[in-house]
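Have the viewer open as you read.

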Amino acid sequence: MNLSKKIQSLSDADIDRIIEMAWEDRTPFDAIEAQFGLSEQGVILIMRRELKRASWRRWRARVQSRSTKHAALSAVDDARFKANRQRLVTFNNITGR
């Protein structure tokens with residue numbers, strides 16, 4: 001299946017989720033590809049099509065300067081985000097109920 005057909009077969013909810021994941025700094029393109037089967041080029045095409053021109057430029061400049069968007073360049077071993085306070089919440093007595 002070529003790229004344009006793959007993009008056309010996505011639902012509106014899928015496209016919204018792809019855009020959300022693409023805006024997140026810590027979500028690599030590999031995660032989007034694993035979930036939706038879209039390469040980095042496919043994500044770029046969706047973003048270009050769906051975003052306003054200024055938003056597209058801002059996103060593109062942001063992505064090009066982020067090594068975390070590219071798993072091969074990223075120094076992050078575990079790409080999941082974990083807040084500093086998460087341990088406090090996890091070991092909280094209230095959550096043990």
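## Overall fold

The chain has six helices and zero strands, where helices (H or I, at least four residues) and strands (E, at least two) are DSSP runs numbered from the N terminus. Along the sequence the pattern reads α-α-α-α-α-α. Of the 97 residues in the chain, 26% are buried; buried means under 20% relative accessible area, exposed over 50% and partly exposed in between, with a 1.4 Å probe and protein chains only. Among contacts with a separation of 6 or more, 59% join residues 24 or more positions apart, a contact being heavy atoms within 4.5 Å.

This is a predicted model, in which local features need pLDDT of at least 70 and side-chain atom pairs count only at pLDDT 80 or more, while totals for chains, interfaces and linings use all residues. Residues are numbered from 1 along each chain as its sequence is written, and side-chain values use heavy atoms, leaving out hydrogens and water.

## Helices α2 and α3

Take helix α2 (residues 12-23) next: its axis and that of α3 come within 10 Å and cross at roughly 165°. That makes α2 roughly antiparallel to α3 (angles under 35 degrees count as roughly parallel, over 145 as roughly antiparallel, 65 to 115 as roughly perpendicular and the rest as oblique). Axes here are lines fitted to C-alpha atoms, for helices over the stretch in contact, and angles run from 0 to 180 degrees between N-to-C directions.

Which residues of α2 and α3 meet? From α2 come D14, R17, I18, M21 and A22, and from α3 come A31, I32, Q35 and F36. By class, this contact of α2 with α3 has six nonpolar, one polar and two charged residues (Ala, Val, Leu, Ile, Met, Phe, Trp, Tyr, Cys and Pro count as nonpolar, Asp, Glu, Lys and Arg as charged, and the others, Gly among them, as polar).

A search of the whole structure turns up two aromatic pairs. F29 and W59 form an edge-to-face pair, 6.5 Å centre to centre with 90° between the planes. Rings of Phe, Tyr and Trp (its six-membered ring) pair if their centres lie within 6.5 Å; planes under 30 degrees apart count as stacked, over 60 as edge-to-face and the rest as tilted. Because F29 lies in helix α3 (residues 29-36) and W59 in helix α5 (residues 53-64), the pair ties together parts that are 30 residues apart in sequence.

The rings of W56 and W59 have centres 5.7 Å apart and planes at 35°, so this pair is tilted. W56 and W59 are three residues apart in helix α5, and therefore separated by about one helical turn. As for burial, F29 is buried at 4% relative accessibility, W59 is buried at 0% and W56 is buried at 12%.
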